[in-house]
Amino acid sequence: MVIKKYVKHLFGIAFAIFISNKFFLRPWVIEHDLPELFQIVVFSIPNLIEAILGTLVLTGILLQLRQKLNKLENTKETTIYLIASCIAALYVISQELKFHNLGGNNIYDPYDLGASIIGLLLTFMVINKFGFTDY
């Protein structure tokens with residue numbers, strides 16, 4: 001399975017944004033006491049990135065499973081993308097709603113929930129439109 005170049009770039013950029021936000025941007029915004037909008041954005045970026053990365057990783061895993069398991073070989077890619085997005089949604093949304101604390105000590109914030117949903121929807125739409133693999 002050959003993953004499309006844009007998926008690799010999206011993954012790398014999202015991960016770099018997560019690291020930059022955590023170690024540079026967030027502390028800088030807190031230190032400089034910027035308006036609330038900036039604080040909302042930097043505190044919600046991790047949820048957006050978590051949804052993007054989770055959906056991409058799950059999509060890759062499910063496509064690998066489809067390739068290995070003969071029973072799933074007729075499953076359409078759109079179905080795989082939807083299943084991956086739904087599994088990622090179950091995880092990130094249930095974490096935001098405090099059904100579990102697997103991602104760490106989480107505080108409910110409607111902006112975080114919104115960022116998670118945006119990340120899930122955007123990632124599904126992008127991989128559904130442009131695909132995930134080259135054959």
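Asparagine 21 is buried, with a relative accessible area of 2%; buried here means under 20% relative accessible area, with exposed being over 50% and partly exposed in between (1.4 Å probe, protein chains only). You'll find asparagine 21 in helix 1, which covers residues 5-31. Leaving aside residues up to four places away in sequence, asparagine 21 touches Arg26, Pro27, Val42, Ile45 and Pro46, where a contact is heavy atoms within 4.5 Å.

A quick word on the model: it's a predicted one, so local features need pLDDT of at least 70 and side-chain atom pairs count only at pLDDT 80 or more, while totals for chains, interfaces and linings use all residues. Residues are numbered from 1 along each chain as its sequence is written, and side-chain values use heavy atoms, with hydrogens and water left out.

Now for the whole chain. The protein chain has four helices and two strands, arranged along the sequence as β-α-α-α-α-β. Helices (H or I, at least four residues) and strands (E, at least two) are DSSP runs, numbered from the N terminus.

Here are some values for the protein chain:

| Property | Value |
|---|---|
| Span of the C-alpha trace along its principal axes | about 55 × 30 × 20 Å |
| Share of buried residues | 32% of the 135 residues |

As for contacts with a separation of 6 or more, 69% of them are between residues 24 or more positions apart.
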